[in-house]
Amino acid sequence: MEALRQDDPRRFGPYTTLARVRESAVAVHFLARGTDRDDLAVVTAARPALASVPAFRRRFRSEARTAERLAGGPVPQPDVSPEGDVLWTATAYVPAVTLSEAIGLAGPLPERAVRVLGAGLAGTLSRVHASGAVFQGLAPGTVLLAEDGPRLTAFGPLGAAAHAEAREGGQLSVRLGYLTPEQVEGQEAGPASDLFVLGLLLAYAATGTTPLADGPAEEAAERIAHGSAELGSVPAGLRALIAGCLSKDPAGRPTAGSVAAELAPEGAADRAQGGWLPAVLAAAVTDQAARARALEPPAGPVDDGPRVPPVEDRTPTDAVPTGTALPDGGAPGHVGPPGGGHDGDPGEDSRTTRFPGTGARTPRSDRATAQLTLPEEVANTAPPPLPAAVPPPAQPYAYPAFTAAPPALPAAAPPAGPVTGRRALLTAVAAGAAGLVVGGAGVAALGSDGSASATTDEKPAAEPRPALPGRPPEPRWTYARPATAPAPLTAGVWQDRLLVLTDTAGATAVDLRTGRKVWERADAAGAQSVLTAGEDLCFLAAPTEFLWLSPENGRIRHRVRFADQFDGVPDMKVAPLTGQSGSVLWFTGSHTVTVRAPKPKKGKKRGKDTQVVKAYFFAYDVVRREEVWRVAVPPGRAPGTPAYRLIAARNADLVVRQDAGTLTPADVRAGQGKAVFRCFDRTSGKPLWNRRFGTVAPGGAAAGDQEGRLFGAVGDGLGAFETGSGKPLWTLNGTASSVFGTPVAAGALLHTTNRDQEVGAVERATGKVLWRRSTEVPAGDGCPALTLSGSARTLLAADASQVTAFAAADGRRLWKFQDIGAPAPDGAAVTAPYRVLAAGKTSVVVQRERAFYAFPVE
């Protein structure tokens, strides 16, 4: 960041400028504050010399509209300037560094970070390509690395331009940072062109250098068209994928969707959880956020309207070169539409050599490296329109907190940071502020020790006053984990008596009647699942052992270490539990064995021993504390344990599906984009069948029932299938953007959820729609997660913004709830999605990270 210059504008619409962020070929980027002090944004203001060109104005606004249509996930909603002489866009400030800045600060990224980066970018490209459009906005200066994953700052050739200038006759000259073999030959760019540039970026991220594109422009263009990429420094696990992206033949390159699936089958956001940036970059992002929050507007009068910043015909000498760290440790990241390209035009940087680019169509040129000039009629051509809502990426894979019922796929977590938290609050105002007021009051009433100060004795709380229409009932109690304690790993309800929380420091039990902490045990740290083991014990599953705790005081009654219990599987690694029915739970485990090389023939050298992973599917009785059966199953992705999710537990058999994040690359290829379900005999564990159902994807929503039906997301609809034969039974059609989430069966009904933020009910046998209602939350990447109350009369939909309660029978909207969240230890706003736990027939517990609320329900 640098201080504002004398002639810089002090205002863009409602935004007051605080500092300069950086300059790109087509715009100047400012850090600004909205009407609220905490409402930070990055304003991208087009250079006036370019803004006066009609072709530029149309292209600028076209790329801004592309950003609006892509909004969601790594692309937040932009605020676009009204029609006028000054062109600008504003987007929420996200602390981040550009890819080029990151390489300058920390050098090549580790393989995990490259996978997160590539999966996030490929997911966005997949959404664009599904509409028939070409992105053309990738460059080291247009990609941001934020705490919760990658972001994009450009949505077309203008944003990624290395150089742009107005020419006589209303022409616009544009140079892109990277070209592709087909563009060097003068052909039109297509979706495969975006994959070639993605390959260059991933190689740059992994090695700090760009294959083919280093050196003088003429030589680099020749290498791009005809040379072979040297990828020896790329990690082995990424080499084949990047080589495929860099294929000279566009038809030989993978699709964006397949790249995303191979790099991170669980999804970029989920793989980024727990931290994905090297320590030096994470520190730079944190420091940058603190600097941005501390900025104040410069002293002096503030104009009501923007003043045009001075623009020289040359690139400013103080622009930050690509690949160079800023003096203060990194400029504020931003996510915005055009203008987020390379930082200035420093010439032919060795990492990002500039090559001539094009607009929407590429005129043929005599010289492959000539600077191409766009006449007005060509530059005016807008990218092919995106649909109103583009298909979202595959449902992210996660290890959810275990529940006895088949778990619902979680809604995609929103971006971390205070900006997202503020967006949730703004959503609360738009949807009705009553829930926000109640949530805020509840948090304010919490004691510093994490107990509920409003209810501190052991007596049940008084029945709440009648709720106003639409307003949530008053919580029976509230509870929050202390700021000094780790965030909960999971939470579960035991026998409708206790709320049991686990974290890395121990396990805690809270009385469900009063909200008072009952006990806390440090020797139960790290447990990932909370179950019931008969009438008198609480069962916890940890990464290396099973624990049985007394519900009265939390003392450990029994402890079974996997190494002692399961013979023949030393050093067993266990995936999150698959499911439970009655006293039996199911889970997968694996271990590595050494296979000795065969004895060599006389005179021959003995071969090397090999390491082989063996995996098993177990049934275990938690009351008798003994293994019921085990069956060998194919191993999963390294380190080798396949994670299964319970789809249906019936009287004679059970149906499971392997989590997408544990599928091996060979499994992904063999599946051809479809999920494989497995059925096992419930008594013996004998495998009965493996089957695909329609086009249900590996990460797509799926659930089953006792009558032998399986329900799964198929395209934009929800399909029902007969599990015995795979025969389709019915299809519930959705819209182009609906994408159904995991349904919940209840009696003769099947409750549905989709990414249009709609929930509903259909007849399980026929698919006939009984009702469908909106949660009135802006559409996002995830579906609301559904929970039925113990009485099955109330259906609760939880997402990143709120919890909405409906009458299960007819869909009447009962109330909605939003809170401000208990703050994280570092004071950051809470951005975790809501979660609902049924607690008896008349209560539910709503969790938002550290804060818990007990609500009465029907």
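Two strands are taken to pair if DSSP finds at least two bridges between them. The model shown in these views is predicted.

**View 1. Pairing of strands S13 and S45.** Strand S45 spans residues 851-856 and pairs with S13 in the antiparallel sense, over 4 bridges. Within this pair, tyrosine 479 stands opposite phenylalanine 852 of S45.

**View 2. The open sheet that contains S13 and S45.** The sheet has 4 strands in the order S13-S45-S44-S43, and its pairing is antiparallel. Strand S13 (477-480) and strand S43 (835-838) form the edges, each pairing on one side only. On average, and with direction ignored, neighbouring strands of this sheet are turned by 20 degrees against each other.

**View 3. The largest nonpolar core.** This core holds 56 residues, of which Leu99, Leu109, Leu117, Leu138, Val143, Leu145 and Leu198 touch the most other members. The elements that give two or more residues to the core include helix H3 (99-106), helix H4 (111-130), strand S8 (143-146) and helix H6 (191-207). Helices H7 (217-226), H8 (236-245), H9 (256-263) and H11 (279-294) are also among them. The largest share, 11 residues, comes from H6.

**View 4. Surroundings of leucine 99.** Residues up to four places away in sequence are not counted here. Leucine 99 touches Leu109, Leu117, Pro140, Val143, Leu145, Leu201, Tyr204 and Ala205. Of these contacts, Leu109, Leu117, Val143 and Leu145 are, like Leu99 itself, among the residues that touch the most other members of the largest core.

Notes: Residues are numbered from 1 along each chain as its sequence is written. This is a predicted model: local features need pLDDT of at least 70, side-chain atom pairs count only at pLDDT 80 or more; totals for chains, interfaces and linings use all residues. Side-chain values use heavy atoms; hydrogens and water are left out. Axes are lines fitted to C-alpha atoms, for helices over the stretch in contact, and angles run from 0 to 180 degrees between N-to-C directions. A nonpolar core is a set of buried Ala, Val, Leu, Ile, Met, Phe, Trp, Tyr and Cys residues joined through side-chain atoms within 4.5 Å. Buried means under 20% relative accessible area, exposed over 50%, partly exposed in between (1.4 Å probe, protein chains only). Contact means heavy atoms within 4.5 Å.
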